[in-house]
Each structure stands twice: as C-alpha cells, then as structure tokens.
Amino acid sequence: MSPTSVNPTSVSATPVGRVPSQPSEQARAARSRPIAGEHLASGPRGVRGRTRVVIGRGRRSGVALTSLQAQPPLGVRLAGGEVHLMGTAGGPHGGDHLHLEVVVSSGVHATVRSVAATVALPGDGRQSVLTTDVRVEAGASLRWLVEPLVVAAGADHRTVTTVEVHPAAQLLWREEVVLGRWGEPPGRLSGHLRVQREGRPLLNQGLAVGAPGWDGPAVTAGAGTVGLIARLAPIRPTGSPADGAPAAGTHAVVAPAPSEVPGVVVNRLSPDLIVVSGTAPDFATWRDRCELLTPSLDAVPGRST
C-alpha cells in the first residue's frame, strides 16, 4: 500500500525503511522502457506482515477498533467514524507475503477505506501475495470502499480475498484494478474474490492479468481499469420482517442498479445479490461511470440510509 494519497494512475512509491541503490545509466534506461511481466535483476528482500483488526461498537452508535494487531507494512487507523487501511511502507514488492484479517462485530455498521492506492511493484523476482479474510457477523453491515490496486510494470502479484457474510448481515464491496501506471503496461496479476455465507459461495470471481488472452475481447479488451461492485442484502429472520421487507423467511430485495452505464454489466446472481462489473480505458473514466452508480455505492443494501 502507498503511504500517501495519490493519483493511482501516476503513482510511484519509494518504500520506507528500504534504501534504494543508485542505478547505472543502463539500468535507468531499461526501467524507462518497462515490459509487462518483467522482473528486475535485484530488489528489496521480501517481507512478511500480518494485521488483524476487530471493528466493534464505539460511542454514540459509532465504531471502534476493539482489537488491533498490526505488523508493517499493513496499518489501520480510525478517522471520521470510518476505518482506514494505510501503508507504512511501499509495495507490496515481489517476495512480500502479507495477510489482512478484518472482523465486523455483530450489530456494527462499518465503512472501510484506504488512504491511497495499493501499488504492486517488482522486487526480488518472486511473486508477492496479499491474502485478505473478512468476516461480517450477525446484524452487521460492511461498506468496503478501498482505493484501487495498481499493477505496475514488472510486478507479479497474487491476491486471495475471502468474505464471510452472516445470513443476517449485509455487504457493499467495491474492488478496482488499474492495469499499469501512467504510460506503462501492467505486470502480472492473479486475483481471486470469494463472497460466501456459512461457507457456501455466492460469488467466486477471478482475474488473471498477463495470462494468455487476458487483454482479449473476452476479458479486458485492452481496458486500463477493471472494476466490480457487489451488493448483498441480509436474509430477514422469520417472524420479524423489517418495514418494507419481503414475506417472512425470504430474502430481502436489493434495489436494482442502473443497467445502461457504458462498459458496465449488471448481474442479479440471486434475489439478495447484485454484482456490477465493468471496464474503462482509464481510472478517471471508471470513476466517472461509478458516479452514475451512486445509489449502489452510497446505500447500504437492505438498510435505509
């Protein structure tokens, strides 16, 4: 994760605590002409970091970090009633293995953001890995609105994200990938997102950048940004429906999202789950299109705001 808020399409990070060597003229010339999937001959050593945060009830119906165990480069802060993920060093770099665990306690309504984009960078020639495990407990809701992942040229990054949502909980999940920084092709990315209830998968989504055919019409079609928004409503408990809820024991109805936004496809995968996915030539265009999806982004599914 980058430690400062930046434009994800033009970001360049120097990791804290890692002293860069002075490159030769030949090395500088080579770096000015990045090739997708390339590896640098040398780079910072891989690091291991694990962070676990439990989001609980705070004062005046707010939220609090009731438990926090953080290792660099994964940091967490509470600001403005929202949880912010932050980087205490650049990267991830090749060879890094990072694990993030987030728990939203019962009855808590939480929003998780990040202070900047996450920039996957080359390192020691090995793959970098970020594993994220999220659990949303009964009666809770989570709005996951972090900044995008930027796959820089030469990076080889893998993400594995699992979101376990209680039947009585609700979720708004936004995930975005920027394919390369400004003026460069992307490196390699293997991304996997799984949203499940009681271990049963509701959404099993994968993206492989750099694999054969990844930029063809069936995948990204040469787009610079890929995005996804998932909205999952709770299953109302039998005998105690909320106002406007469907009949007892049935799934809550999710309000339909706009279906005519350019480059966007809306899929209702179940009565309580809508997935909006799309591509755009660049990140700015993608965010402009997201503005057309403002009701989907701002409204917590199944709960009036």
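This is a predicted model: local features need pLDDT of at least 70, side-chain atom pairs count only at pLDDT 80 or more; totals for chains, interfaces and linings use all residues.

**Strand 12 and what surrounds it**

Let me begin with strand 12 and strand 15 (residues 225-232), which pair in the antiparallel sense over eight bridges; strands here are DSSP runs of E with at least two residues, numbered from the N terminus, and two strands pair if DSSP finds at least two bridges between them. Within that pairing, V178 stands opposite T225 in strand 15.

Residues are numbered from 1 along each chain as its sequence is written, and side-chain values use heavy atoms, with hydrogens and water left out.

Strand 12 also has parallel pairings, one with strand 9 (residues 141-144) over four bridges and another with strand 10 (residues 149-151) over two bridges. R143 has L172 as its bridge partner in strand 12, and L149 has V177 there. Strand 12, residues 170-178, is mostly covered, with eight of its nine residues buried, where buried means under 20% relative accessible area with a 1.4 Å probe and protein chains only.

Turning to the packing, the largest nonpolar core has 35 residues, and those with the most contacts inside it are I55, L142, W144 and W173; such a core is a set of buried Ala, Val, Leu, Ile, Met, Phe, Trp, Tyr and Cys residues joined through side-chain atoms within 4.5 Å. Strand 5 (residues 97-104) gives the most to this core, with four residues. A second, separate core of 18 residues includes L121, L172, V261 and I274.

How many aromatic pairs does a search of the whole structure find? The search finds one, and because the rings of W144 and W173 have their centres 4.5 Å apart and their planes at 5°, the pair is stacked; rings pair if their centres lie within 6.5 Å, with Trp represented by its six-membered ring, and planes under 30 degrees apart count as stacked. W144 sits in strand 9 and W173 in strand 12, 29 residues apart, so to speak of this pair is to speak of a link between distant parts of the chain. Both W144 and W173 are buried.

Finally, L121 lies in the loop between strand 7 (118-120) and strand 8 (128-136), and L121 is buried, with a relative accessible area of 6%.

Technical notes
Buried means under 20% relative accessible area, exposed over 50%, partly exposed in between (1.4 Å probe, protein chains only). Rings of Phe, Tyr and Trp (its six-membered ring) pair if their centres lie within 6.5 Å; planes under 30 degrees apart count as stacked, over 60 as edge-to-face and the rest as tilted.
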